[in-house]
Amino acid sequence: MQAITAIASDDEGLALRWQNGTESHFSWLWLRDHDQGPESLDPSTLQRRVDTFALDETLRGSDCAILEEGRAPAVTWPENGLCSRYSADFLAAMAGIAAGDWDTLAGMPQRIWSGRSPLKLQDPVPYDDILSGAASGGQEGLRACFERLQRDGFAVIEGVQTDEATARELFNRFGYIRETIFGGVWGVSADITDYEDSAYSTEYLEPHTDATYSHDAPGLQCFLCLEFDGKGGESILVDGFAIAEQMRAEEPELFRVLSEVPVPGRYIDTRQHLRAERPAIRLDGQGRLLQVSFNNYDRAPFWLGADRMKAFYRAYKSFHDRIVERDNWLTVPLRPGMALIFDNWRLLHGRMAYSGKRTFCGCYHNHEDFESALRNLGWSKGPVKS
Ligand SMILES: [Fe+2]
């Protein structure tokens with residue numbers, strides 16, 4: 001909770017002094033545009049009602065005060081007598097005083113892991129805990145999965161019946177299933193010959209992210225092991241955010257190349273020709289990691305000129321070297337009835353070679369829906385809608 005100890009107005013706006021001694025300044029126009037009252041902001045949808053473009057850019061407030069022991073600065077607008085009351089937490093987040101931004105998932109931080117800070121595989125979440133939670137109105141099993149997904153990038157579930165109807169029921173708990181060129185719930189087995197993709201084989205699959213050829217790569221990827229009678233085939237997970245942060249710290253120039261150069265991906269078969277591009281490391285406006293994309297199988301041709309291409313290959317190789325470093329791997333031996341769900345914007349996944357018969361089914365969810373679920377579980381700093 002942030003508190004304001006002093007408030008002062010000038011021609012340009014409002015100056016606030018915070019409890020920790022720092023100061024912030026907000027312009028009158030911004031303050032009027034961000035009035036939190038029902039005349040300006042729909043209390044149910046949080047959609048803006050104020051007509052931003054009808055506001056006079058020379059407007060200024062009056063009667064500035066701090067209410068609720070520093071938690072609620074207030075301003076009156078002379079043109080209509082409206083009194084705007086703001087949450088100090090909201091203004092602190094906007095000013096960068098508080099850790100994390102408004103609307104972000106600051107309440108459930110990520111724990112990045114690699115060979116340098118290894119993660120011990122937790123006991124799987126029992127599927128019964130997900131089912132029983134739904135029946136009683138509680139969501140403990142599901143909540144545990146989302147907590148692991150956000151913190152570690154993945155969750156493992158056990159005790160799932162090995163049929164497609166149950167798989168669909170499980171997958172639906174995490175959000176609506178995304179339709180793709182592979183369908184909604186799809187199968188993975190070396191017996192499937194419908195798709196000309198490396199996933200449908202028995203060979204070792206190098207860690208990668210899925211759908212570098214999609215403008216909006218799936219956020220969550222789910223697998224349920226339906227059948228396995230053979231050897232090998234462990235799922236490989238790599239924390240791409242840990243790899244990216246290692247590069248940012250140790251090879252900042254190569255990190256910069258990977259965050260700037262758009263890398264195209266493509267998927268081509270007899271019916272589809274998809275292509276999209278984005279940097280291997282995608283950052284938000286504040287330089288924080290948003291997404292990693294790496295799939296050398298699906299990389300499409302591009303040419304940047306000799307010097308830039310040389311820099312790209314060097315950076316891409318360093319990224320790859322860290323990805324295939326086994327110390328950075330977590331291997332998960334999935335057996336029938338076990339499900340693996342992971343964040344495809346953060347983790348890379350692969351598979352060891354196997355022999356015998358192995359059948360999985362799986363699906364995708366959008367990343368924005370995953371984020372929405374996390375906010376609804378109360379892990380964001382954002383406002384709660386009435
Ligand atoms: Fe994949």
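**Pockets and a helix pair**

Mentor: α9 gives the most to the lining of the largest pocket, with 5 residues. This is a predicted model, in which local features need pLDDT of at least 70, side-chain atom pairs count only at pLDDT 80 or more, and totals for chains, interfaces and linings use all residues. Residues are numbered from 1 along each chain, and side-chain values use heavy atoms, without hydrogens and water.

Trainee: Which residues of the lining lie nearest the centre of the largest pocket?

Mentor: Of its 26 lining residues, Leu105, Gln110, Gln150, Leu289 and Leu290 lie nearest the centre, and the volume of the largest pocket is about 710 Å³. By class, the lining has 11 nonpolar, 5 polar and 10 charged residues.

Trainee: What makes the second largest pocket lie where it does, relative to domain 1 and domain 2?

Mentor: Domain 1 (4-95) and domain 2 (107-386) both give residues to its lining, so the second largest pocket lies between them; domain bounds come from an automatic or database assignment. Its volume is about 610 Å³, and among the 25 lining residues Leu46, Trp102, Asp103, Gly382 and Pro383 are the closest to its centre.

Trainee: Why is α6 called oblique to α7?

Mentor: Helix α6 (residues 240-250) and helix α7 (residues 252-260) pack at an angle of about 130 degrees, with their axes 5 Å apart. Angles under 35 degrees count as roughly parallel, over 145 as roughly antiparallel, 65 to 115 as roughly perpendicular and the rest as oblique, so α6 is oblique to α7. The contact (heavy atoms within 4.5 Å) includes Met247 of α6 and Phe255 of α7.

Technical notes
Axes are lines fitted to C-alpha atoms, for helices over the stretch in contact, and angles run from 0 to 180 degrees between N-to-C directions. Helices (H or I, at least four residues) and strands (E, at least two) are DSSP runs, numbered from the N terminus. On a 1 Å grid over the protein atoms alone, a cavity is a set of points where a 1.4 Å probe fits but cannot get out, and a pocket is an open set with protein on both sides within 12 Å along at least five of seven lines; lining residues have an atom within 4 Å of a point. Grid points are joined across faces, edges and corners, and a volume is the space filled by probe spheres set on the points. Ala, Val, Leu, Ile, Met, Phe, Trp, Tyr, Cys and Pro count as nonpolar, Asp, Glu, Lys and Arg as charged, and the others, Gly among them, as polar.
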